[in-house]
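Trainee: Could we go through this structure together, one question at a time?

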Amino acid sequence: MSGLQSAANIPELRRRVLFTLIMLAVYRMGVQIPTPGINGEALAAFFNQNASTLFGMFNMFSGGALSNFSIFALGIMPYISASIIIQLLTVVIPQLEALKKEGQSGTRKITQYTRYGTVFLSVIQGTFIAVGLEGMTGPGGQAIVLLPGIQFKLMTMLTLTSGTAFIMWLGEQMTERGIGNGISLIIFAGIVARGPAAIVNSIQLVKAGEISLFFVPFLILFMLAVVATIVFFETSQRRIPIQYAKRVVGRKVYGGQSSHLPLKINISGVIPPIFASSIMMFPATIGSFIHIDWVQRVSAAMHPGTIYYYICYIGMIVFFCFFYTAVTFKPDDVAENLKKNGGFIPGIRPGKKTAEFIDKVLTRLTVVGAIYLSTVCVLPTVLISQFNIPFFFGGTALLIVVGVGIDTISQIESHLHMRNYEGFMKQGRIKGRR
């Protein structure tokens, strides 16, 4: 409470928080505005029937906008996809890699390419969704599109593309003028907005006797333990000590200080679970459209709750953890920069030996991070299949919510400490654990 009071006493921070809340309110209002030409009841029934497919995942990230088929139905996923594609292309295309090293001007150029990529992906996804909706019907056989045709396709594509572009603008405005990362906060708001409905549904199941009342306290404690575990791992670091050699320039001696290289346990963040979930939901999605014997058998075998699903899901999370870490973190570059700045790891020779040591530590950390992500992401399917929990607790959604919460609080802490105010934590700014 003292941290909140301190935050309210800083006019600039107060304006930033208020601006962020207003932008999030605008986003949530847009989620309720439907796209014209859609039978809302038939579409909602279709999504309820296909909640375990890719549609359910995209609907979660859009905060229910896809099931309502609002003007924000595509959500921020095209922007995230474009960002990941551009980030991966910087490793393959030398021109993009050179832009990345140019500093602020290069970053602005890459951001511009990301915006173009977002619009391009939105046009493609909007067109495919419009074409797909015309051939879909609700569980009762009622048509989802009221007036199919070229006009509906063009209107839907333009509406969804404009909605995604507006969300992208909202996110950038929140990052610049508000507090926290705007894009992450939009995803955060979409996930959290579905929380009250899940809680009400759980209460109704308890009243109906489908969930034992004695099981509820255990479930609450278990949820708190999972959140605490995520916070612990997301803030934990392996700090490699760095020593800088002394340099004599004229009559002055520079350097000689000690520092450290912080390596997070979960360097890849939520990218591996997102990729793995998308791939694992393809069989269920294909099975809902193609009614062929062997397709239906594969779809049933890869349904959440089966042993094949767990094995493949965990395997893909581990693979993407190592792949994304290898793409985004270069031990050779780190070792070269340390050598140029006169830094070295005590007991390790500069250059190649330093790169090998960092790579060895990074590999061990990635193994621990992959085990941690796999455990958290498998929790939802276990809870649903074994204990009849009516909502997905854990997984990608919880990782995003906790991660964005930690990042936002850290930024508020930074504003407070810049003005010598006491932060939320009595011990000072949030720090990583060694």
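This is a predicted model: local features need pLDDT of at least 70, side-chain atom pairs count only at pLDDT 80 or more; totals for chains, interfaces and linings use all residues.

Trainee: Which element gives the most residues to the largest nonpolar core?

Mentor: Let's start with the core itself, which has 25 residues. Tyr 27, Ile 76, Ile 80, Ile 167, Ile 186 and Ile 187 have the most contacts inside it. The elements giving two or more residues are α2 (11–31), α6 (77–92), α9 (150–177), α10 (182–192) and α19 (395–418). With six residues, the one that gives the most is α10.

Trainee: How many salt bridges does a search of the whole structure find?

Mentor: One of them joins the side chains of Glu 12 and Arg 16, at 3.4 Å from N to O. Another joins the side chains of Glu 172 and Arg 115, at 2.9 Å from N to O. The number found in the whole structure is two.

Trainee: What separates Glu 12 and Arg 16 along helix α2?

Mentor: Both residues belong to helix α2, and they are four residues apart. Because of that spacing, the separation between Glu 12 and Arg 16 is about one helical turn.

Trainee: How many residues apart are Glu 172 and Arg 115?

Mentor: These two side chains meet in a salt bridge. Glu 172 is in helix α9, while Arg 115 is in helix α8 (residues 104–134). The pair therefore links distant parts of the chain, and the spacing is 57 residues.

Trainee: Is Arg 115 exposed or partly exposed?

Mentor: Its relative accessible area is 36%. Exposed would need over 50% and buried would need under 20%, so Arg 115 is partly exposed.

Trainee: Is Val 92 buried or exposed?

Mentor: Val 92 is in helix α6. Together with Ile 85, Leu 89, Val 91 and Ile 93, Val 92 forms a nonpolar surface patch with about 380 Å² of accessible area. Its own relative accessible area is 62%, and the cut-off for this class is over 50%, so Val 92 is exposed.

Conventions: Residues are numbered from 1 along each chain as its sequence is written. Side-chain values use heavy atoms; hydrogens and water are left out. A nonpolar core is a set of buried Ala, Val, Leu, Ile, Met, Phe, Trp, Tyr and Cys residues joined through side-chain atoms within 4.5 Å. Buried means under 20% relative accessible area, exposed over 50%, partly exposed in between (1.4 Å probe, protein chains only). A salt bridge is a side-chain nitrogen of Lys or Arg within 4 Å of a carboxyl oxygen of Asp or Glu. Patches are made of residues with over 30% relative accessible area and no salt bridge: like charges are joined within 9 Å, nonpolar side chains (Val, Leu, Ile, Met, Phe, Trp, Tyr) within 5 Å. Accessible areas come from the Shrake-Rupley method with a 1.4 Å probe; for residues, only the protein chains shown count as cover.
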